Amino acid sequence: MAYTITLFRGDITTLKVDAIVNAANRTLLGGGGVDGAIHRAAGPELLEACRLLKGCETGEAKLTPGFRLAASYVIHTVGPVWHGGKNREKELLEQCYMNSLELAVKHRLSSIAFPNISTGVYGFPKALAAEIAIAAVKDFLDRQKAKIQPTFVLFDKENETLYSTLLKKK
Ligand code: AR6
């Protein structure tokens, strides 16, 4: 295995990795939660760069520079809103992780940090989201020759417990 999954409890905007992933909305024009924190830390240039992207579909991902962040890039992805689980939510969440990693490969990045996409305002059940996130990242990286080190950023205790339990099991 060419990668090690790291867990980090805290604020994603402090991480010095090649790319941090933003849990954005389809406009890519900012919002609350982790999106708001990333835009505040990166500075107004990030919003200008996002405007040029003309939005992003759910499950897809787009890249900008990191501007004032310690991270070189921000990969913006749009998680699904949880509507009970029968609207392709699981598949779309998986695609957020896969498409973000695909962009990391394309840009030859060697480290990436993910927030717990969709588990805040978008209401995705945390335990299910954690399983999907870990499985998607492992599945992608197991098939990938390029060496990319992934970090899951856990902002709350519940997610920290979920991720550390799931990673111990596997
Ligand atoms: N660092 C790491 N994780 C964080 C941070 C931070 N600074 N702040 C919050 N989280 P959310 P969503 C965690 O709501 O559910 C925005 O308004 C948070 O605890 O940020 O995908 C967008 O513009 C949770 O575990 O994103 C969209 O409109 C996780 O990040 C919408 O929210 C995701 O919570 C997207 O909703």
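This report walks through the ligand site of a predicted model and a few residues around it.

Residues are numbered from 1 along each chain as its sequence is written, and side-chain values use heavy atoms, with hydrogens and water left out. Because the model is predicted, local features need pLDDT of at least 70 and side-chain atom pairs count only at pLDDT 80 or more, while totals for chains, interfaces and linings use all residues.

**The ligand and its pocket**

Let's start with the ligand. The space it takes is the largest pocket. Here a pocket is an open set of points on a 1 Å grid over the protein atoms alone, where a 1.4 Å probe fits, with protein on both sides within 12 Å along at least five of seven lines. A molecule sits in such a pocket if more than half of its atoms lie within 2 Å of the grid points.

Which elements give two or more residues to the shell around the ligand? They are S2 and helix H1 (33-42), and H1 provides the largest share, four residues. Helices (H or I, at least four residues) and strands (E, at least two) are DSSP runs, numbered from the N terminus.

There are 24 residues around the ligand, and Asn25, Gly32, Asp35, Ser118 and Gly120 come nearest; a residue belongs to this group if one of its heavy atoms lies within 4 Å of the molecule.

| Residue (backbone polar atom) | Distance to a ligand oxygen atom |
|---|---|
| Val121 | 2.8 Å |

Taken alone, the ligand exposes 700 Å², and the protein buries 90% of that. Such areas come from the Shrake-Rupley method with a 1.4 Å probe.

Within H1, the residues Asp35, Gly36, Ala37, Ile38, His39 and Ala42 are buried, where buried means under 20% relative accessible area, exposed over 50% and partly exposed in between (1.4 Å probe, protein chains only). Their cover includes S2, helix H2 (44-51) and strand S4 (73-78). Just after H1, Gly43 takes a positive phi of about 95 degrees.

Gly31 sits in the loop between S2 and H1. Gly31 counts as partly exposed because its relative accessible area is 45%.

Ala23 belongs to strand S2 (residues 19-24). Leaving aside residues up to four places away in sequence, Ala23 touches Val34, Asp35, Thr77, Pro115 and Ile117; contact means heavy atoms within 4.5 Å.

**The loop between S5 and H4**

Two further residues to look at are Asn116 and Ser118. Asn116 lies in the loop between strand S5 (111-114) and helix H4 (126-142), and Ser118 is found in the loop between S5 and H4 too.

Why does Asn116 count as buried? Asn116 is buried because its relative accessibility is 12%. The side chain of Asn116 makes a polar contact with the side chain of Asn159 (3.1 Å); within protein, one atom must be able to donate a hydrogen and the other to accept it, and residues adjacent in sequence count only if both atoms are side-chain atoms. Apart from residues up to four places away in sequence, Asn116 touches Tyr97, Val153, Leu154, Phe155, Asn159 and Tyr163.

Ser118 counts as buried because its relative accessible area is 5%. With residues up to four places away in sequence not counted, Ser118 touches Gly79, Pro80, Leu93, Gly123 and Phe124.

Notes:
Polar contact = N/O pair within 3.5 Å; in protein donor to acceptor, adjacent residues only side chain to side chain. 1 Å grid on protein atoms, 1.4 Å probe; cavity = no way out; pocket = protein on both sides within 12 Å on 5 of 7 lines; lining within 4 Å.
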